[in-house]
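Please look through the model below before reading this note.

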Amino acid sequence: MVLTDRFRDDLRQTQDAALSSLRTIHALFLRDSRTRYGRRSAGYVWALISPMILLVVMMAVFTAIARPAGAGESLVVFFLSAILPIYLFRGSITRGGNAIRGNRVLMQYPQVNAFEVITSRLLLEALTYFIVLILFALIMYAFFGLPLLAWIDRPLPMLQAGGALFLLCYGACFLSSQIGRAFDPWNELTGPMGRIILLTSGLWFTMGSLPPEFLNFVQYNPLAHVIEWIRDASISDFQSDLYNPWYPLTLGVIFLFLGLFIDWLYRISGYDLQP
């Protein structure tokens with residue numbers, strides 16, 4: 001009976017802690033959305049326009065040089081299958097870099113920890129680009145007759161690739177937040193890192209189209225593997241055996257472990273940033 005009562009107490013405490021964490025994440029989510037986009041719709045419109053500008057530029061370049069899509073028949077599907085993951089991964093690193101510093105006053109409350117801060121920030125980032133993807137798919141269907149099935153050929157591999165992308169972004173965001181917490185110039189370095197990610201992740205190429213010397217370099221980029229995986233799952237007449245699904249998953253876990261370890265060091269040391 002004593003063990004049963006103790007188990008119930010522990011379970012009740014765990015449930016209370018989980019509910020408290022969810023409420024904190026929800027509150028931080030609303031706060032981040034208002035801080036990032038404002039109370040008006042202009043900020044949300046920019047979230048749609050920003051990837052659209054890159055999409056239009058890339059389509060104009062490919063049309064001018066009479067180059068077809070690197071995979072499939074639709075340039076829109078080919079480019080957006082890379083643009084949105086790139087924006088999400090790049091945003092995870094850049095916005096994660098100042099996540100802890102930007103919420104250091106709130107983190108003095110016991111309910112607010114690094115987990116809640118990072119989770120709310122990445123959920124906002126992921127939800128934003130998921131909505132952008134849905135809007136693009138509906139616009140292309142309504143005005144250009146692009147079938148909705150053109151965006152997904154095999155549902156299960158697509159879900160797996162999406163899960164790998166989220167894990168990679170979450171780990172990168174958590175680690176970036178802890179580096180930015182301890183290293184002031186980190187936010188200045190995330191900008192050039194974002195441009196490198198844009199150039200090496202497969203925006204205008206597939207792994208199979210690269211010469212061996214460039215492929216050997218691109219294969220170190222975990223996002224390139226995820227994008228190749230997404231295209232393999234979404235484009236019906238494209239298949240690739242050059243991506244390694246375990247590589248982004250492993251790096252995502254490693255990034256998350258390192259971020260959690262640094263956060264644990266802060267906790268046990270009793271040292272943290274002062275407001």
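Predicted model: local features only at pLDDT ≥ 70, side-chain atom pairs only at ≥ 80, totals over all residues.

1. Helix α10 covers residues 246-269, which is 24 residues. At 1.5 Å a residue the helix should span 34 Å, and its end C-alpha atoms are 34 Å apart, so the two values agree.

2. Which residues of α10 are buried? They are Pro 248, Leu 251, Gly 252, Leu 256, Gly 259, Asp 263 and Tyr 266. These buried residues pack against α5 (114-144), α6 (155-182) and α9 (222-234).

3. Side chains of opposite charge can pair when their charged atoms come close. The whole structure holds 7 salt bridges. One of them joins Asp 263 and Arg 181, at 2.9 Å from N to O. Asp 263 lies in helix α10 and Arg 181 in helix α6, 82 residues apart. Asp 263 is buried, at 7% relative accessibility, and Arg 181 is buried too, at 3%.

4. Asp 232 and Arg 154 form a salt bridge of 2.3 Å, N to O. Asp 232 is in helix α9 and Arg 154 is in the loop between α5 and α6, so the pair ties together parts 78 residues apart in sequence. Asp 232 is buried, with a relative accessible area of 6%, whereas Arg 154 is partly exposed at 34%.

5. Glu 125 pairs with Arg 95 in a salt bridge, and their closest N and O atoms are 3.6 Å apart. This pair links helix α5, which holds Glu 125, to helix α3 (residues 75-97), which holds Arg 95; the two residues are 30 residues apart. Glu 125 is buried at 3% relative accessible area, while Arg 95 is partly exposed at 35%.

Technical notes. Residues numbered from 1 in each chain as written. Heavy atoms only, no water. Helix = DSSP H or I, 4+ residues; strand = E, 2+ residues; numbered from the N terminus. Expected span 1.5 Å × (residues − 1). Buried < 20%, exposed > 50% of the residue type's maximum accessible area, 1.4 Å probe, protein only. Contact = heavy atoms within 4.5 Å. Salt bridge = Lys/Arg side-chain N within 4 Å of Asp/Glu carboxyl O.
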